[in-house]
Amino acid sequence: MIEPALASRLQFALTTIVHIIFPVMSMGLAPFLIYFTWKDIRTGKPVYEQLRRFWTKIFAVSFVVGTVTGIVLEFEFGTNFAAFSTAAGELFGGPLAVEGMMAFMLEATFLGVFVFGRERVSDALYMVSAVAVGLGTWLSAVWILIANSWMQTPRGYELVVEDGQTLISLVDPIAAYANPRFPWMFVHMQNAAVLSVALFMAGVAAYHLFRHYHWEYPVEHPEFWETTLKIAVVVLLLTAPFQVVHGDAYARHVAETQPQKFAAMEAVWETDSYVPEYIFAVPTDLDDLLNPRAKEIFGLGVPGGASWLVSGGDPTAEITGLNEFDTQPPPVAIVFWSFRIMVALGFWFVLLAFWAGYRWWRGQLLEDDLLHKSLMASSLLGILAVEVGWIVTEVGRQPWVIQGVMKTRDGVSPGLTGFEATLTLVGFGVVYLGLLSLYTYVVARIVRAGPPAVDESTADSAPNGASQQPSTPSGGNDD
Amino acid sequence: MIDGASVGADAAIAVVAAVAAIDPTLVLQAGWLSDGPLFGLPLTELWYALLFFILGTFLFLDGFDFGVGVLFATRSTASDREQLLASIGPFWDGNEVWLVVFGGALFAAFPEVYATLFSRHYLLMFAILGALIARGLAPEMYEQRHDDAWQRWWGRAFVVGSVTAPLFLGVFAANWLLGATALVSIPSVVVGLALVALSTTGGAAFLGLKTRGRVQRETTVYGPRALLAYLALVVLAVGFLLATRPALRSDLLSPAVLGLLGASVALGGAYVAAMRRESYVGALAATAGLTYGLVALIATVLYPVIDPVTGLTVADAIVSTIPLNLMSIGAALLLPLVFTYFVVLYSAFWGPVEEGDGYAGE
Ligand code: HDD
Ligand code: HEM
Ligand code: HEM
């Protein structure tokens, strides 16, 4: 039997790591769907109807799986972290309740109209439903990230002792909910979601185009995929560089507010100045290879890089080492490597965006096989970057569940037995593996089937009947 | 929705969506929030009532989805099954969010109850979640492929999820009410079965509205039978408790509880009469009454205690003044909006499913 605290943490890690995939898909798709719906209604061009219908299918599946995995999380605070929920409920329960009433309700009801109602409602109401669904997904991020960012940079509370229990009492709601971490987290997360979906779109489009032009396997509607690719490249060019620039500033904010986490991200044990930014590192002692708390590392680094990062340009700046803190450090290797993977992926996405942009500019977007292979290989890497980013955030915060206020091990449900916790952990392991396989299978089927055929003669109920679908591969995105 | 009427509705929705984006905490100053309950209202009691109202709304709305899932077991042809899935397609997700809101409201208003109740019934909570996962995934998956084996398995998952979800929820509600710490007991299983029956009652009325012809005839007949089973199970549960729990006797024989039981029987009569007249809206309304009645019964027996195991009362468990006031403002602003969303949704899909309305809406 696994000890209840560890089993609960593993279970929470597993269930959130699976859940976040689906919100990333739906939050990232939301702006695209609003755009496609708008263009479909305004221009009546079949390609926009196809885009809307094709990506709505993927949205709908993601939403359903997001719902069933999200409800699990909402209950898990009570089942597994009862002490945390009792102590912090005043601050933490509110955002979750408001999220339900403000965001999920909006999203779930209008999704019914959006997915099932094209033929039943007016264009205007249909457009409203697209916006409401998209707004709902983004509002749910607002509230859940308010809850999470408060755990990273808690403010606006007071500790009170009631019947021997320490409770965290809300005294200043504005300070608590508009805490310093929130804007950083929200911007980084939402941009990451759009970026991840743009990568996914580009990968899917590249797959069909590659099959069509390279393998000469006749794909229906190559022009649909070309439009998709171009839209994705535009969005990549906007979001990928932004994510890196924003992440750089974000790291500085983390260093200021959670120095212990930052030290773990850089694996700095002794306080030092002129700290290198390791690009690659290994423990000097082979026994430490599998030990996440390995202390001695040997690495290749940019001299002064980490100091430069923390101070915004001074390679000699001092970084407080992990040994300086009274609390046990988080599992350093996990945080260190996850951070490295995220940053490397961030630079890779920028490269990919410029590469594709350059080819497009030269009119060779469909001719570079290596580009298409790279896009295919990168289609899921945005989601990977999101996962490791969250691992940096959450594992880096350990041993605190609320930074500086409450330790994770004090937050676990007191009555929970190792048997119960292990049983559900194993259950989730099995069920979520099935869920992920099923989701992958279904999305892959939708992708392979391609866009739905639309009836071009009825599709142009639009103003002045403009709707000729270009049949040459170069004319997809003509506005 | 017809075009003329929808223009006004569209404008209203746009306003509603804009208002929903305003963050209420930004408009507030903490000072007057901490002075005491807003306007001197009995907020503790109001939240207790609101909580059970949300629970009742969930059990009623998602209840008829569960009921459609139960009745799905009686359909054998592909087109019948398709119609049943299409009937709940646009609705079930919105209905289920009431459970999320229930969890959130319990957490926000009575955090200690949320924490102790959910952790005490640890395995039961995950059983409920498992049932909801099966029930939620099944219709979406069912439509993804059109071969027999695939649809047979997802059809089964749909039925099993739809039966076990209300069953486990009923067990949970009874455990809560009785302060039971064991996973299951006789009365809690009886209440669970009663909830399955009540869901089927609602499901039959809903299918009366959403289907026509043979499917309608063949599914609505189950309504009155399920109703009878429900009433019998409630009587059984109450009788069992009177016999075995002398401590509960005075609570159970109080005028409020007897009144609620009487009202249930009367609503049952109204349901049967409405089904006879093919007034399915009336039958659904009667089901709503029955569901709120059941929830009110639980709330009345519990009050003023909110967790019998720890003896925690409503007044002990309520959050402190500032979050309570904030939550009250939030709920007062948001719940009316939520009701408008439901009005838009249900009026857009009013009337029976049309020929060719698949689950995927394509
Ligand atoms: C497409 C995804 C993606 C990409 C390319 C990046 N990030 Fe990121 N990052 C995330 C997606 C993400 C995330 C998953 O969305 C996180 C988790 C929590 C959050 O706010 O965003 C995150 C967290 C996160 C944190 C931790 C914040 C905390 O502890 O609260 C830092 C310091 C950075 N990022 C910095 C960067 C830098 C310097 C990047 C590139 C050079 C970068 N990120 C690229
Ligand atoms: C969806 C993206 C998220 C991911 C991938 C994620 C990941 C994780 C991981 C890996 C852990 C385990 C850390 C450890 O114990 O070493 C964890 C713990 C936890 N997270 Fe998150 N998290 C996410 C979002 C959130 C949000 C939005 C909240 C709060 C609203 C939250 C609250 C918690 C809590 C309470 C714990 C348990 C206590 C702890 O271990 O610190 N997480 N999460
Ligand atoms: C760990 C804490 C989290 C909890 C307790 C949680 C809770 C939930 C719940 C209950 C649902 C289902 C709502 C429904 O019935 O429609 C849901 C879905 C959703 N969640 Fe989470 N969530 C968490 C993390 C996150 C994070 C970090 C994000 C993004 C920033 C997010 C964004 C969403 C979105 C957009 C949905 C809608 C469904 C979908 O599009 O997939 N959630 N979540």
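This is a predicted model: local features need pLDDT of at least 70, side-chain atom pairs count only at pLDDT 80 or more; totals for chains, interfaces and linings use all residues.
**The interface of chains A and B**

Across their interface, 8 residue pairs are in polar contact, both residues having pLDDT 80 or more. On the chain A side, at least two residues each come from α2 (46-80), α3 (82-116), α4, β2 (165-170), α5 (173-177) and α13 (418-449). Colour α3(A) separately, for this helix gives the most to the side that touches chain B, with 24 residues. Sorted by class, the residues on that side of chain A are 47 nonpolar, 19 polar and 8 charged.

How many salt bridges are there between chain A and chain B? The count is 0.

Next, display every residue that takes part in the contact: 74 residues of chain A meet 78 residues of chain B. The size of an interface is often given as the accessible area lost when the parts come together. Between chain A and chain B the buried area is about 6500 Å², and carbon and sulfur atoms give 76% of that area.

**A tryptophan in chain B**

Now select W154(B), which is found in helix α8 (residues 148-178) of chain B. Is W154(B) buried or exposed? W154(B) counts as buried because its relative accessibility is 16%, and the cut-off for buried is under 20%.

Show the contacts of W154(B), leaving aside neighbours within four places in sequence. Within chain B, W154(B) is in contact with L137(B), A138(B), M141(B) and Y142(B), and from chain A it is in contact with L438(A). W154(B) and Y341(B) are 187 residues apart along the chain, and their C-alpha atoms are separated by 30 Å.

**Ligand 3**

Move to ligand 3, which lies between chains A and B. Select the 28 residues that surround ligand 3; the closest are H19(A), S26(A), T67(A), G70(A) and S140(A).

- S26(A): a polar side-chain atom lies 2.3 Å from an oxygen atom of ligand 3.
- H19(A): a polar side-chain atom lies 3.1 Å from a nitrogen atom of ligand 3.
- E107(A): a polar side-chain atom lies 3.5 Å from an oxygen atom of ligand 3.

Two or more residues of the shell come from each of α1, α2, α3 and α4 of chain A, and likewise from α5 (92-109) of chain B. Which element gives the largest share of the shell around ligand 3? That element is α2(A), with 9 residues. By class, the shell around ligand 3 holds 16 nonpolar, 9 polar and 3 charged residues.

**Ligand 2**

Finally, centre the view on ligand 2. Around ligand 2 there are 20 residues, of which R9(A), N148(A), E394(A), R397(A) and Q398(A) come nearest.

Show the side chain of R9(A), where an N or O atom is 2.6 Å from an oxygen atom of ligand 2. Then show E394(A), whose side chain has a polar atom 2.6 Å from a nitrogen atom of ligand 2. In N148(A), a polar side-chain atom lies 3.4 Å from a nitrogen atom of this ligand.

To finish, colour the helices of chain A that supply at least two residues each to the shell around ligand 2: α1 (4-43), α4 (123-152) and α12 (381-396). The largest share, 6 residues, comes from α1(A). The shell around ligand 2 divides into 13 nonpolar, 4 polar and 3 charged residues.

Technical notes: Residues are numbered from 1 along each chain as its sequence is written. Chains are lettered from A and ligands numbered from 1 in the order in which they are written. Side-chain values use heavy atoms; hydrogens and water are left out. A residue is near a molecule or strand if one of its heavy atoms lies within 4 Å of it. A polar contact is a pair of N or O atoms within 3.5 Å; within protein, one must be able to donate a hydrogen and the other to accept it, and residues adjacent in sequence count only if both atoms are side-chain atoms. Helices (H or I, at least four residues) and strands (E, at least two) are DSSP runs, numbered from the N terminus. Ala, Val, Leu, Ile, Met, Phe, Trp, Tyr, Cys and Pro count as nonpolar, Asp, Glu, Lys and Arg as charged, and the others, Gly among them, as polar. Buried means under 20% relative accessible area, exposed over 50%, partly exposed in between (1.4 Å probe, protein chains only). Contact means heavy atoms within 4.5 Å. Buried area is the accessible area (1.4 Å probe) that two parts lose on being put together, summed over both. A salt bridge is a side-chain nitrogen of Lys or Arg within 4 Å of a carboxyl oxygen of Asp or Glu.
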